[in-house]
Amino acid sequence: MELDEKKYLYLGIIIPILILLFLYNQYWKRKKQREFGDLDLVKKLSPDKSIFKPILKFCIWIVAIVCLIIGLVNPKIGTKLETVKREGIDIVFAVDVSKSMLCEDVAPNRLEKSKQIVSQIVNQLGSDRIGIVAYAGSAFPVLPITTDYGVAKMFLQSMNTDMVSSQGTSLDEAIKLASTFFDDKKTSKLLILISDGEDHSEGAEAAAEEANKLGMKIITIGVGSEKGGPIPLKINGIVQSFKRDSKNEVVVTKLDAKSLEKIAKTTKGGYVYGSNTKEVLEYVKNALNNIQKTEFEATQMSNFQSQFQWFLGFAFVLLFLDVFLLEQKTSWIKKMNLFNEKA
């Protein structure tokens, strides 16, 4: 069972409040009756007044309110199973999280721009499976292959330059790790690698060649500018200084598009400059349309159906019943004396 509108559960707080008010009201009535006169004498003055009926009416109201709240929450119960077949491709996003990605030569900075691009690409996907890799001096698995795009976006937004301890940029490590994500040999495989292209290791092209042998295509997206910029060092969002090298000179990081183009070319993929998100999305969309989709999953899915109508219907029946439930003794119940209410 799942709840559609959990926020309405907070309305349940009125139940204990109503119970306390009812108990106080009963206490106040009893107190006033004592002030008026002897309780036995008061009962004789109103012989048809039921003691039980007000309690019953109150309980009906409480149950009706509870049913209304549950109806608003809209519980859903899986009542039927159906087979869902998906067709698509497996896509792994490899996002560069090295310190150079903090450069602000693209707004707001290279890393945030990369996350925006990946998020927008995910938004236009259909039934493809996706995974995420983070890399700097080494590669780190962020999210294995999944069809849960909501979870993917959550992990994506949590990515930062502190999640990989070894600094630098090793494109080959990212490619090698991404290749281990593809668990189905028959499914089309695509690696979308986002970086500024500054590779501090050797072997990226060799890793791309191995990926090509496994049937992987690689699309590279360059984030940054050829002019480049410094790497800001911030505390609480305020720039304190800029990253410097061993000679105490400010490091200027630039986009290296050529290395990214070579990697993409090795796997017969493609390179696109990431400054214009709309152009990137169009490029990736066209690339996906040219990749053969395969059936990679056939699972049993619960088809959750809303149950609110039952609770609302029962609540209205109880409220309708309350209209005809007078606080006087019912004649046939009065004869049976079920609640020790003497005639």
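Author: Let us start with S195, which has a relative accessibility of 0% and therefore counts as buried, a word used here for residues under 20% relative accessible area, whereas exposed means over 50% and partly exposed the range in between, with a 1.4 Å probe and protein chains only. The model is a predicted one, in which local features need pLDDT of at least 70 and side-chain atom pairs count only at pLDDT 80 or more, while totals for chains, interfaces and linings use all residues. Residues are numbered from 1 along each chain as its sequence is written, and side-chain values use heavy atoms, with hydrogens and water left out.

Reader: Where does S195 lie, and which residues does S195 touch beyond its sequence neighbours?

Author: S195 belongs to strand β6, residues 189-195; strands (E, at least two residues) and helices (H or I, at least four) are DSSP runs numbered from the N terminus. If residues up to four places away in sequence are not counted, S195 touches D96, Y135, T169, L171, I221, G222, V223, L255 and L260, where contact means heavy atoms within 4.5 Å.

Reader: Is R110 buried or exposed, and what does R110 touch?

Author: R110 is buried at 0% relative accessibility, and R110 lies in helix α4, which covers residues 110-123. Without residues up to four places away in sequence, the residues touched by R110 include S100, M101, C103, D105 and D196, and also among them are V223, G224, S225, T253 and K254.

Reader: What should I note about G270?

Author: G270 lies in strand β12 (residues 270-273) and counts as buried at 8% relative accessibility. The C-alpha atoms of G270 and I221 are separated by 8.7 Å, although these residues are 49 apart along the chain. With neighbours within four places in sequence left aside, G270 is in contact with I218, I219, T220, A264 and Y283.

Reader: How many residues of helix α6 are buried, and what share of the chain is buried?

Author: Seven of the nine residues of α6 (residues 171-179) are buried, so this helix is largely enclosed by the rest of the structure; the buried residues are L171, D172, A174, I175, L177, A178 and S179. For the protein chain, with its 343 residues, the buried share is 39%, and its secondary structure comes to eleven helices and 13 strands. Among contacts between residues at least 6 apart in sequence, 81% join residues at least 24 apart.

Reader: How many aromatic pairs are there, and what is their geometry?

Author: A pair of aromatic rings is described by the distance of the centres and the angle of the planes. The search of the whole structure finds one pair, formed by F22 and F58, whose ring centres are 4.1 Å apart and whose planes stand at 10 degrees, so the pair is stacked. Rings of Phe, Tyr and Trp (its six-membered ring) pair if their centres lie within 6.5 Å, and planes under 30 degrees apart count as stacked, over 60 as edge-to-face and the rest as tilted. Because F22 lies in helix α1 (residues 14-36) and F58 in helix α3 (residues 52-73), the pair ties together parts that are 36 residues apart in sequence. F22 is buried at 17%, and F58 is buried at 18%.

Reader: At what angle does α3 pack against α10, and at what angle does α4 pack against α9?

Author: Two packed helices are described by the angle between their axes and the distance between the axes. The axes are lines fitted to C-alpha atoms, for helices over the stretch in contact, with angles from 0 to 180 degrees between N-to-C directions. Helices α3 and α10 (residues 308-324) pack at about 155 degrees with their axes 8 Å apart, and are therefore roughly antiparallel; under 35 degrees counts as roughly parallel, over 145 as roughly antiparallel, 65 to 115 as roughly perpendicular and the rest as oblique. The α3 side of this contact includes I60, W61, A64, C67 and L68, and the α10 side includes F311, L312, A315, L318 and L319. Helices α4 and α9 (residues 277-289) pack at about 45 degrees with axes 10 Å apart, which makes α4 oblique to α9. K113, I117, Q120 and I121 of α4 make that contact with T277, V280, L281 and V284 of α9.
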